[in-house]
Amino acid sequence: MYDLIGDIHGHANELKSLLTKLDYREIDGVWQHPSRQVIFLGDFVDRGPQQIETVSIARNMVENGKALAVMGNHEFNAVAWATEDPQNPGEYLRPHTAKNWKQHRAFLEQVGEGSDLHHSMIDWFKTLPVYLDLPKLRVVHACWHPEYIAAIAKYIGTGDQLLAEAWQQTSRKGTDAYEAVEILLKGLEIPLPGDHHFFDKDNNKRTNIRAEWWRQGSKLTYRDLAMAPKDVIDKIPHEPVASHVLPGYDGEKPLFVGHYWMSGEPKPLSDHIACLDYSVASGHGGKLCAYCFDGEQRLDASKFVWVDA
């Protein structure tokens with residue numbers, strides 16, 4: 001069966017420790033297990049000190065049939081940063097702003113922007129599927145949303161990776177393809193009602209909340225759903241969110257996501273949904289986390305395995 005591993009962000013030492021703890025061994029340069037496969041949930045790069053080695057480990061495993069992987073928002077952003085915008089000569093699909101450079105700088109400096117290695121990694125990122133819908137489980141980096149799964153269908157190939165001609169649409173605000181990628185790889189954001197707003201840690205005004213989209217209930221409020229720091233949560237209204245805003249989840253198969261910088265002891269979000277991003281790159285005692293999946297319909301807290309950062 002599968003061992004699913006959350007966001008690594010360039011922490012190769014922790015990845016090797018976790019693989020060892022899961023009884024994988026490096027043989028002829030490829031980490032492998034005699035009877036199991038890893039599924040990586042994306043976000044291999046940005047932030048951490050060993051990004052080249054992290055990508056190399058994961059790529060070797062995938063290309064040798066020892067792992068599967070989905071694209072994270074950081075791989076998507078890396079491709080868009082490196083891809084010229086054909087409609088705007090000299091510009092790129094991800095604008096080279098100071099903010100975007102700061103987020104991506106560690107990867108570019110480690111890989112050598114424009115180097116053969118950089119191009120090779122970008123080419124591999126392009127092969128990563130947007131999501132996996134396997135016989136007994138589903139995997140997406142941030143949000144399983146049936147409406148946007150359907151919307152992205154015409155932009156992906158037989159392996160569920162973005163088509164070469166789709167990168168423009170998925171990178172251009174205002175298109176259906178852009179909205180689908182935003183939701184699936186970056187999560188559901190909900191506009192606050194009226195003139196409600198708050199300021200984030202960088203003093204940017206926020207009029208949307210990142211939502212705990214997996215929650216279910218008839219009277220959930222904006223504050224109930226908001227993923228926001230404790231010092232701003234009281235600025236988010238306790239007004240009910242319209243029921244159609246949340247995608248719900250059918251529970252047909254267990255679903256695994258990353259992306260959300262969880263903390264504390266790993267456990268499922270619900271009977272059928274687990275987040276495996278436990279903030280290994282936070283610098284504040286995070287974990288690199290896995291879930292050992294053996295076909296169960298209901299997820300089990302005892303099947304989480306992790307190593308401390």
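**Inside the core**

Author: Happy to! In this predicted model, F125 is in contact with V45, V55, M71, E75, A78, V79 and F107, leaving aside its neighbours within four places in sequence. F125 also belongs to a cluster in which ring pairs link F40, F44, F107, W124 and F125.

Let's stay with the rings for a moment. There are 12 aromatic pairs in the structure. One of them joins F40 and F44 edge-to-face, with 5.5 Å centre to centre and 70° between the planes. Both F40 and F44 are buried. Y291 and F304 make another edge-to-face pair, at 5.2 Å centre to centre and 85° between the planes. Because Y291 lies in strand β15 and F304 in strand β16, this pair ties together parts that are 13 residues apart in sequence. Y291 is buried, at a relative accessible area of 0%, and F304 counts as buried too, at 6%.

That brings us to β15 itself. Seven of the seven residues of this strand (residues 287-293) are buried, so β15 is largely enclosed by the rest of the structure. In a regular strand, side chains alternate between the two faces of the sheet. In β15 both faces are covered: K287, C289, Y291 and F293 are buried on one side, and L288, A290 and C292 on the other.

Next, the partners of β15. Strand β1 (residues 2-5) runs antiparallel to β15 and is joined to it by four bridges, with I5 opposite A290. Strand β14 (residues 277-278) is also antiparallel to β15, through two bridges, and here Y278 stands opposite K287. With β16 (residues 304-308), β15 pairs in the antiparallel sense over five bridges; V307 in β16 is the bridge partner of L288.

Strand β12 (residues 255-257) and β13 run parallel, joined by three bridges.

Both strands belong to an open sheet of four strands, in the order β6-β7-β12-β13, with mixed pairing. At its edges stand β6 (131-133) and β13 (273-275), each with a single partner strand, so one side of each is left without a neighbour in the sheet. On average, neighbouring strands of this sheet are turned by 15° against each other, direction ignored.

Note on methods
Residues are numbered from 1 along each chain as its sequence is written. This is a predicted model: local features need pLDDT of at least 70, side-chain atom pairs count only at pLDDT 80 or more; totals for chains, interfaces and linings use all residues. Side-chain values use heavy atoms; hydrogens and water are left out. Buried means under 20% relative accessible area, exposed over 50%, partly exposed in between (1.4 Å probe, protein chains only). Two strands pair if DSSP finds at least two bridges between them. Contact means heavy atoms within 4.5 Å. Axes are lines fitted to C-alpha atoms, for helices over the stretch in contact, and angles run from 0 to 180 degrees between N-to-C directions. Rings of Phe, Tyr and Trp (its six-membered ring) pair if their centres lie within 6.5 Å; planes under 30 degrees apart count as stacked, over 60 as edge-to-face and the rest as tilted.
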